[in-house]
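User: I am new to this model and would like a close look at a single part of it, followed by an account of what surrounds that part. Please take your time and connect the pieces.

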Amino acid sequence: MSKPEKFFDENGLRLDGRRVDEIRPMKIEVGVLSRADGSCYLEWGNNKVLAGVFGPRELHPRRMQRPDTAIVRYRYNMAAFSVEDRIRPGPNRRSTEISKVSREAFEPVVLTHLYPSAVIDVFAEVLQADAGTRTAAINAAAIALADAGIPMKGLVSACAVGKVDGKLVLDLGKDEDNYGDADLPVAMTQDGDVTLIQMDGNFTQDEFKEAMELVKVGCKQILEIQREALKGKFSQSETEEIENEAVIEAPAPEVEKAENEKVVETEDDEMVEVETEDDETVEVETEDDETVEVETEDDETVEVETEDDETVEVETEDDETVEVETYDEEVVETEIIETEEDNENVGNVVMEDDENDKEPDENIDEDIGKGETNE
Ligand code: ADP
């Protein structure tokens with residue numbers, strides 16, 4: 001990419017048609033990762049960023065714990081494929097620096113003293129980069145923290161301001177960032193207190209003051225977009241809850257075979273039988289034509305996914321027994337793993353075709369698919 005001949009057209013508009021005080025379009029989705037406590041996917045112009053928050057949770061190793069407060073860890077990472085030339089995976093000087101300053105950008109707002117000895121992990125993954133990724137990541141992280149229910153004094157919003165051909169411009173695009181005279185990324189609280197400021201290039205004192213006014217306007221606009229996204233999420237999740245309740249209370253009549261038995265026919269003529277012994281929820285997904293029977297005891301939730309009768313994973317969320325039987329004479333191995341975090345029991349079931357060299361041992365018939373949980 002070479003330097004554009006001019007950065008402004010005859011109407012004073014920028015290369016992508018924006019006014020000097022206009023930010024790129026921003027789109028936010030809240031709660032996109034089911035394993036994170038809070039998450040956000042954010043598109044800003046051509047930037048695409050995913051943020052996930054985990055915690056507050058107990059910090060290990062314990063020697064790193066702070067007895068009076070939680071610590072916040074922030075990892076900014078650019079995916080190898082996020083730019084035109086491949087980026088070498090793993091941390092580098094730039095990502096280490098951005099992680100540090102971004103973590104500090106949240107320090108004044110996160111109420112860490114409420115969670116002594118804990119850690120709050122923030123991961124910001126840049127999937128596609130097009131200038132302004134650290135600010136995009138901070139905007140996404142703020143939403144993910146709010147989505148995780150982390151108590152904060154308010155949101156943090158970030159935007160860059162720069163100088164191109166002697167003119168101040170808000171939210172630099174890629175060419176403006178690469179070939180401009182200055183770049184000033186800023187993050188601020190909703191009260192306008194600056195929590196991150198970095199500068200690449202030079203401003204005169206007057207330019208700097210003007211730049212700060214401009215970036216304040218940008219952050220305010222972003223704050224509004226963030227707030228709308230969060231409002232959207234929470235009003236939507238209320239609706240979803242109501243819909244889900246309706247589904248649970250009124251299952252489709254054609255899938256009911258007997259009171260405690262459900263038969264689900266899938267598109268490719270496979271048959272899945274689910275027998276339950278209580279009013280628990282069972283979800284089954286198959287991608288090939290094996291038959292899977294799942295029997296559960298108690299009112300737990302069981303999720304089963306099968307692919308090509310190779311691997312079946314059963315995850316349980318409480319103290320229950322789960323039996324998985326297959327009809328194709330596969331070998332089934334089950335083990336119950338006690339997880340560190342909350343003593344949640346996870347049953348992993350691996351199925352293999354019986355032509356496979358590994359024979360089940362004597363006890364496996366009895367043990368097949370059975371997992372006893374530890375109280
Ligand atoms: P920011 O993304 O916060 O503006 P920089 O000013 O360091 O951070 O980077 C500007 C842009 O340059 C990035 O958004 C990205 O598009 C590009 N870039 C950064 N690092 C690399 C890299 N290692 N290889 C290729 N492009 C990069």
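Is Arg 94 buried or exposed, and how many other C-beta atoms lie within 10 Å?

Analyst: This is a predicted model, and the values below are computed from it. Arg 94 is exposed, because 12 other C-beta atoms lie within 10 Å and a residue counts as exposed at 12 or fewer. Arg 94 is found in helix 1, and its C-alpha atom is separated by 9.5 Å from that of Tyr 76, a residue 18 positions away along the chain.

Helix 1 covers residues 93-106, and its 14 residues should span 20 Å at 1.5 Å a residue; the C-alpha atoms at its ends are 21 Å apart, which agrees. The buried residues of helix 1 include Ile 98, Ser 99, Ser 102, Arg 103, Ala 105 and Phe 106. These residues cover an arc of only 150 degrees around the axis, and so they lie on the same side of helix 1. On the other side of helix 1, Arg 93, Thr 96 and Lys 100 are exposed. The buried residues of helix 1 are covered by several elements, among them strand 4 (71-78), helix 2 (133-147), strand 6 (156-164), strand 8 (182-189) and strand 9 (194-197).

Helix 2 has 15 residues and reaches 21 Å from its first C-alpha to its last, close to the 21 Å expected at 1.5 Å a residue. Helix 2 is mostly covered, with 15 of its 15 residues counted as buried. Just after helix 2, Gly 149 takes a positive phi of about 75 degrees. The largest nonpolar core has 68 residues, and those with the most contacts inside it are Ala 51, Val 122, Ala 140 and Val 186. Helix 2 gives the most to this core, with ten residues. Leaving aside residues up to four places away in sequence, Ala 140 touches Cys 40, Leu 42, Val 49, Ala 51 and Ala 124.

Of the 14 residues around the ligand, Val 83, Ala 129, Ala 131, Thr 133 and Arg 134 come nearest. The elements that give two or more residues to this shell are helix 2, helix 3 (174-179) and strand 8. By class, the shell around the ligand has five nonpolar, two polar and seven charged residues.

Ser 117 has a phi near 70 degrees, a positive value in a residue other than glycine, and it is partly exposed, with 16 other C-beta atoms within 10 Å. Leu 114 is found in the loop between helix 1 and strand 5 as well, and it counts as exposed because it has 12 C-beta neighbours inside 10 Å. Leu 114 and Ala 70 are 44 residues apart in sequence, while their C-alpha atoms are 7.4 Å apart in space.

Another positive phi in a residue other than glycine belongs to Asp 171, where the value is near 55 degrees. Asp 171 has its place in the loop between strand 7 (167-170) and helix 3, and it is buried, with 29 other C-beta atoms within 10 Å.

A cis bond joins Gly 55 and Pro 56, with omega about 5 degrees, and Pro 56 is found in strand 3 (residues 47-58). A cis bond also joins His 60 and Pro 61, with omega about 0 degrees, and Pro 61 lies in the loop between strand 3 and strand 4.

Finally, the chain as a whole gives the setting for these details. The chain has five helices and 20 strands, and 35% of its 375 residues count as buried. Among contacts in the chain with a separation of 6 or more, 58% are accounted for by residues 24 or more positions apart.

Note on methods: Residues numbered from 1 in each chain as written. Predicted model: local features only at pLDDT ≥ 70, side-chain atom pairs only at ≥ 80, totals over all residues. Helix = DSSP H or I, 4+ residues; strand = E, 2+ residues; numbered from the N terminus. Buried ≥ 20, exposed ≤ 12 C-beta atoms within 10 Å, placed from the backbone. Contact = placed C-beta atoms within 7 Å. Expected span 1.5 Å × (residues − 1). Arc of directions from axis to C-beta. Core = buried A, V, L, I, M, F, W, Y, C linked by C-beta atoms within 7 Å. Near = placed C-beta within 6 Å. Nonpolar A, V, L, I, M, F, W, Y, C, P; charged D, E, K, R; others polar.
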